[in-house]
Amino acid sequence: MTGLSLQQAPPFIIVFGFFLTACLFGLVISLTELYMALEHSLFLPLLVHLYTLGFALFTMFGALFQMLPVVAGAVIKSPKPKAFISLFLLITGIPTFIYSFIFGKFMLLGAFLTYTGILYTSFLMLYHLLKIKSFMPTPKGMKFSLVFLLLGATAGLCRVLSYYGYLPISDKVLYFHYTSLLFGWIGLLISSVSFQVVEMFFVAESYPKHFSENYPLLVSLSIFLSIIGNFFSLPLLFLFFAYSFLTIKRLIARKRKIKDYTLYFWYLGQISLIISLVFFALRETLFLPFLFFYAVFFTSIIMGMMYRIIPFLVWFHSSNEGRKEVPLMSEVVPPERIKGNFYLHLVWVLLSIFAYILDKGYLVPSTVHLVSSVFLLYNICRGGMLYFKTQP
Amino acid sequence: MSVKTYLTEEHRQCDELYAKVEKLIQEDNWDNVLEAFDAFKKATLLHFKKEEDILFPAFEETTGIVMGPTQVMRMEHTQAKELIDRMEKAIKERNKNTFLSLGDTFMVLIQQHNMKEEQILYPMCDQHLIISDIIESMERL
């Protein structure tokens, strides 16, 4: 343990850079959805990778750069060049990979660059996390989720290699790829962070100790168990259902009763997670609804977190640097704008459900999603720019 | 009892006292706000004092780490105190929006501060210090 120091809080530009890139991908996602709605077509692999690689990966890496010193005391020294390498590899790799889905070219190049970016960033974070002797649920969950990111990305690379004929095509590899990334990486990271932030941000009851401490290991075991077959995925579903149930219970019983729209993002995310788990059990026929609700789960939680992290960091860094006019969190992103973005997001979700049931009218939710994505980008960008504007 | 258990319990008590103030303001129950805020302010400042006067000097003396975690914690205490003063002013002016805005910033600051203390600093103190003496000294304040 080297201890905390002011230098250990990573520069604002790092987190902002990752979040801004994620928001730009959010815009690309909604434009892609709009194009698909106009063309009456759906290309699932493209959309799934835009959501997971474009939106989730960038926000989660950005958040981890910030959280590692705070939550685990794991300090990445000289974070700027390291974050730049990570961003560079991912910013070149992911669009190339996405391009290959549309035009059928450069898939191997895109996959290798993306894989290298994931490998580099995950090992960088794991290296620092493993040096710290912490048995708290959140750092433990971070370690497990980073391992699943590595495993899932490796399975993804194997899948790409199989398209080129270097490896045999295997459905088990595909299953492991998406299960480990959706549940092991995204799901486990969000739940592990919840164990810390739900109690603290909303002044809520802490999660049962045995549950939070054993959750990462149990989720890991159940992911491997689920490979055997549908029936064996029940423990995995049960664990995530239990997490969601416990979270909703705590949010309802929270002591801070103030109207806070970031909380509504949490509710929407948790309800969507529960619905997605039902569809996951029926995934052979209802895989698309599973993916949709799972995407609503993680995008909602991520948006709720972004709207807390960016305003706080602008205030925190400006205040630490001794600036004269330090904007408060509500001045960085006013609550009315968070409220507006929440309702846009909610309307997109509801209209998408109707469009799916009716099997028509996808253009309307896609347009709403575009407005919502532009609004998120605007809010994060404008909020972040306040920090740079007040620099002496 | 460990330093971690003792001071973490105080963190939770301060959180609950703050939540009460916020609830009263949300309900526009201004007659009772100042009293609730005083209780919150008193508890928070006493907690800071216990750390700044007893725990941090003991930690610094034992470990020899002077410009490390305790320095960051002291600086965040100063930031928190400044926000508490501004929150008190907002209550006296019955300015709900300003209070809630300051309160939200205060809560995120204090939560990430508590997180660092509970996860990193307190376990270090438990490892290096004679805990019973420290807790006894803090109790006397």
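**Exercise 1. Work out how many residues of chain A and chain B are in contact, and how much area is buried between them.**

Step 1. Count contacts, meaning heavy atoms within 4.5 Å: 29 residues of chain A touch 34 residues of chain B.

Step 2. Turn to the area. About 3,100 Å² is buried between chain A and chain B, and carbon and sulfur atoms give 67% of that. Buried area here is the accessible area (1.4 Å probe) lost by two parts on being put together, summed over both.

A word on the ground rules: this is a predicted model, where local features need pLDDT of at least 70 and side-chain atom pairs count only at pLDDT 80 or more, while totals for chains, interfaces and linings use all residues. Residues are numbered from 1 along each chain as its sequence is written, chains are lettered from A and ligands numbered from 1 in the order in which they are written, and side-chain values use heavy atoms, with hydrogens and water left out.

**Exercise 2. Find the salt bridges across the interface, then describe the side of chain A that touches chain B.**

Step 1. Apply the salt-bridge rule (a side-chain nitrogen of Lys or Arg within 4 Å of a carboxyl oxygen of Asp or Glu).

Step 2. Ask which helices (DSSP runs of H or I, at least four residues, numbered from the N terminus) take part. In chain A, α2 (44–72), α6 (171–201), α10 (283–320) and α11 (329–332) each supply at least two residues to the side touching chain B. The most come from α10(A), with six residues.

Step 3. Sort that side by residue class: 17 are nonpolar (Ala, Val, Leu, Ile, Met, Phe, Trp, Tyr, Cys and Pro), seven polar (the others, Gly among them) and five charged (Asp, Glu, Lys and Arg).

**Exercise 3. Classify the ring pair of A:Phe61 and A:Trp185, and say which parts the pair ties together.**

Step 1. Recall the rule: rings of Phe, Tyr and Trp (its six-membered ring) pair if their centres lie within 6.5 Å, with planes under 30 degrees apart stacked, over 60 edge-to-face and the rest tilted. Over all chains this gives 55 aromatic pairs.

Step 2. For A:Phe61 and A:Trp185 the centres are 5.8 Å apart and the planes at 55°, so the pair is tilted.

Step 3. Check burial (under 20% relative accessible area, 1.4 Å probe, protein chains only; over 50% is exposed, in between partly exposed). A:Phe61 is buried at 0%, and A:Trp185 is buried at 3%.
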